[in-house]
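Please keep the sequence and the structure in view while reading.

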Amino acid sequence: MNGFLSIFCLPWMHACLPHSPLHVRSLADVEERVEQGHVYEIIVKVRETRLTGLFSNILIGLSIFLLPYPLAYIPTAVLDGLFLYMAVTALNGNQMFERITLLFMEQAAYPPNHYIRRVPQRKIHKFTGLQVIQLLVMCSLGFAPWPYLKMMFPVALLLLLPIRHKLVPMVIEDKYLAALDGEHQ
């Protein structure tokens with residue numbers, strides 16, 4: 001499918017596009033199960049279809065005809081509200097957001113995630129703190145009012161790799177990092 005889409009310069013179907021996870025979720029049959037007082041959603045079955053992905057990409061391509069005139073009639077507040085809604089609904093299931101909420105939660109109320117069972121609380125909070133600092137640096141560069149700082153954003157993004165693989169292991173042991181990264185679930 002991705003090869004076919006590449007030939008016609010259409011976007012690929014993968015989880016990096018905002019509509020793809022929502023598309024897969026809409027095709028899934030989900031059951032809620034309760035274990036140890038926590039509600040889990042288990043995907044039971046996913047219907048396989050390639051036509052809806054192709055049609056959604058065609059419609060995304062046709063949206064270019066909405067520029068500039070029909071799109072100008074949509075108020076900015078409506079678009080801001082849509083993007084805010086998409087951002088808030090995307091927080092559920094984000095491991096970093098879950099770890100940030102652990103900062104405001106009693107340890108007895110922690111959910112039974114795989115990394116909580118394997119990593120001490122202090123190490124989880126250190127890792128979260130380091131990630132929040134990196135996020136703040138990236139946001140300060142990305143939203144800076146000066147164009148020269150905005151130009152540094154890709155360089156700072158590239159520097160996150162050596163920071164993660166060289167500096168963070170000096171603060172947190174590798175066995176804990178493997179559990180926090182989700183490699184061993």
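Where is the place of Arg47? Arg47 is in the loop between strand E2 (38–46) and H3; helices (H or I, at least four residues) and strands (E, at least two) are DSSP runs, numbered from the N terminus. The model is predicted, so local features need pLDDT of at least 70 and side-chain atom pairs count only at pLDDT 80 or more, while totals for chains, interfaces and linings use all residues. Residues are numbered from 1 along each chain as its sequence is written, and side-chain values use heavy atoms, without hydrogens and water.

**Arg47**

Arg47 has a relative accessible area of 40% and is therefore partly exposed; buried means under 20%, exposed over 50%, and partly exposed in between (1.4 Å probe, protein chains only). Leu27 is 20 residues from Arg47 in sequence, and their C-alpha atoms are 5.4 Å apart. Leaving out residues up to four places away in sequence, Arg47 touches Leu27, Ala28 and Asp29, where a contact means heavy atoms within 4.5 Å.

**Arg99**

Arg99 belongs to helix H6 (residues 95–102). Arg99 is buried but has no salt bridge, and the nearest side chain of opposite charge, Asp181, is 6.7 Å away. A salt bridge is a side-chain nitrogen of Lys or Arg within 4 Å of a carboxyl oxygen of Asp or Glu; Lys and Arg count as positive and Asp and Glu as negative, with His and the chain ends not counted. Residues touched by Arg99, not counting those up to four places away in sequence, include Tyr115, Phe127 and Leu180.

| Side chain | Partner | Distance |
|---|---|---|
| Arg47 | Asp29, side chain | 2.8 Å |
| Arg99 | Thr128, side chain | 3.1 Å |

**The whole protein**

The protein has 11 helices and two strands. Of its 185 residues, 20% are buried. Among contacts between residues at least 6 apart in sequence, 46% join residues at least 24 apart.

**Ile64**

Ile64 sits in the loop between H3 and helix H4 (69–72). Ile64 counts as exposed because its relative accessibility is 51%.

Notes:
A polar contact is a pair of N or O atoms within 3.5 Å; within protein, one must be able to donate a hydrogen and the other to accept it, and residues adjacent in sequence count only if both atoms are side-chain atoms.
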